[in-house]
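Open the model in your viewer and keep the selection tool ready. The stops below say what to select next and what is there.

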Amino acid sequence: GQACMAMKKTEEALIAYEKALGLDGESKAFKKECDKVKKQLEKERQEEIERKEKAEQEKEKEMEDSKNKKIAPPPKKIVSNVNNNVKEEKKNDTTKTITTTTNDKGSSEFSKSDHVRGYKIVNGKKTSFFHHEQTEEEKRLIGDIAPKRIDPSQLPSASNNEPTKLDANATSAWNKAGTWEEKDVSEWAIKSLKEKLMQCSYALPEGSPDPNATVQVTDVQKLISAKVAGGTAHASVATVRGKKRYIFEFIVCAHWEMTLGDGKKCKGQMTFLDIDGTHEMGEGYDISDYTVESDTPASAKYILERFVRDGGLRGSIEKAMDEWIELFRETY
């Protein structure tokens, strides 16, 4: 499906995802991708309809223009007499060329190779036809636009001679217009998110196959800053015209350990993808690379799938990540 989308074969991608859903109808990832492909396919079909309608309208307009097209009269030649020394010469009995010479004072005039059309004489100098000299009224309305010296005493002074910094709730002092300004908070984000996830645990409820079992997160990996080679974690706060945007992107690999009622240990890991600013809280997160260590008892497989992979600890981790997003917005 992803390969078909990359080659812009949307219909084939939809067929592939629908077949995948037929094999694994409970996969959130397949459902999510299938919905995306359906929206993209509907968008492409609508664009194709609009493109055909536009082409028909343009074709009708061209036909209408061709019917109403009239032959425009040839432009009239405008001949300007410049200064007092103008020579006329006949060429091919029909073409006239206007030539001028330079007067004794050395002012610029039309040369023999220049075309008269498109030029004019202003204050004795040849210039573009579009040159405009300001009138006294225009100068009065514009006023004095000469550069002025800035008085240092009128500049805002920072306390203790320290430069003004961007704080958590405002833009920098230099950004009075409120244009785009972004502050990197990746270090704080990685530390605070890891602390939240390390607190995640879950105790199996009464009535479960093993009500005395508990599971908890023992380590969090892949939270590496994008500034470091191989890292992808990034978080920042952008201020645009007084409004804040919270930008973040993480991949989290949670290592866990379950202690069964008989004291046996089960260990494994699962990776959470697409933790970013486009996520709606409460929707859950997609996981991949769910693995269990080889020495795990076979009898614990059902318990792990139900209370680690599909719920229980997974729900606790997703709740912690939503709480971190709220903390991010409250802090900045």
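Select helix H7, residues 313–331. Its 19 residues should span 27 Å at 1.5 Å a residue, and the end C-alpha atoms are 27 Å apart, which agrees. The expected span is 1.5 Å times one less than the number of residues. Helices (H or I, at least four residues) and strands (E, at least two) are DSSP runs, numbered from the N terminus. This is a predicted model, in which local features need pLDDT of at least 70 and side-chain atom pairs count only at pLDDT 80 or more, while totals for chains, interfaces and linings use all residues. Residues are numbered from 1 along each chain as its sequence is written, and side-chain values use heavy atoms, with hydrogens and water left out.

Stay on H7 and colour its buried residues, among them Leu 313, Ile 317, Met 321, Trp 324 and Phe 328. Buried means under 20% relative accessible area, exposed over 50%, and partly exposed in between (1.4 Å probe, protein chains only).

From Leu 313, go to Ser 201. The two are 112 residues apart in sequence, but 6.1 Å apart in space, C-alpha to C-alpha. Ser 201 lies in strand S6 (residues 201–203) and counts as partly exposed at 42% relative accessibility. Leaving aside neighbours within four places in sequence, Ser 201 is in contact (heavy atoms within 4.5 Å) with Val 215, Gln 216, Leu 313 and Ser 316.

Next, select strand S8, residues 234–240, where 6 of the 7 residues are buried. Which strands pair with S8? Two strands pair if DSSP finds at least two bridges between them. Strand S5 (residues 181–184) runs antiparallel to S8 and is joined to it by 4 bridges; here Glu 181 has Thr 239 as its bridge partner. Strand S9 (residues 243–259) is also antiparallel to S8, with 7 bridges, and Ala 235 is bridged to Phe 248 in S9. The hairpin of S8 and S9 has 2 residues between the strands, and Arg 241 takes a positive phi near 50° there.

Now show the aromatic rings. Rings of Phe, Tyr and Trp (its six-membered ring) pair if their centres lie within 6.5 Å; planes under 30 degrees apart count as stacked, over 60 as edge-to-face and the rest as tilted. The count comes to 12 aromatic pairs. In one of them, Phe 248 and Phe 328 are edge-to-face, 5.9 Å centre to centre with 75° between the planes. Phe 248 lies in S9 and Phe 328 in H7, so the pair ties together parts that are 80 residues apart in sequence. Both residues are buried.

Move along S9 to Trp 256. Its ring and that of Tyr 290 have centres 6.4 Å apart and planes at 15°, so the pair is stacked. Tyr 290 belongs to strand S11 (residues 287–292), 34 residues from Trp 256.

Finish at helix H2, residues 10–23. Thr 10, Ala 13, Leu 14, Tyr 17 and Ala 20 are buried. They cover an arc of only 125° around the axis, so they lie on the same side of H2; the arc is that of the directions from the helix axis to the C-beta atoms. The face turned away from the buried side carries the exposed residues Glu 11, Lys 19, Gly 22 and Leu 23.
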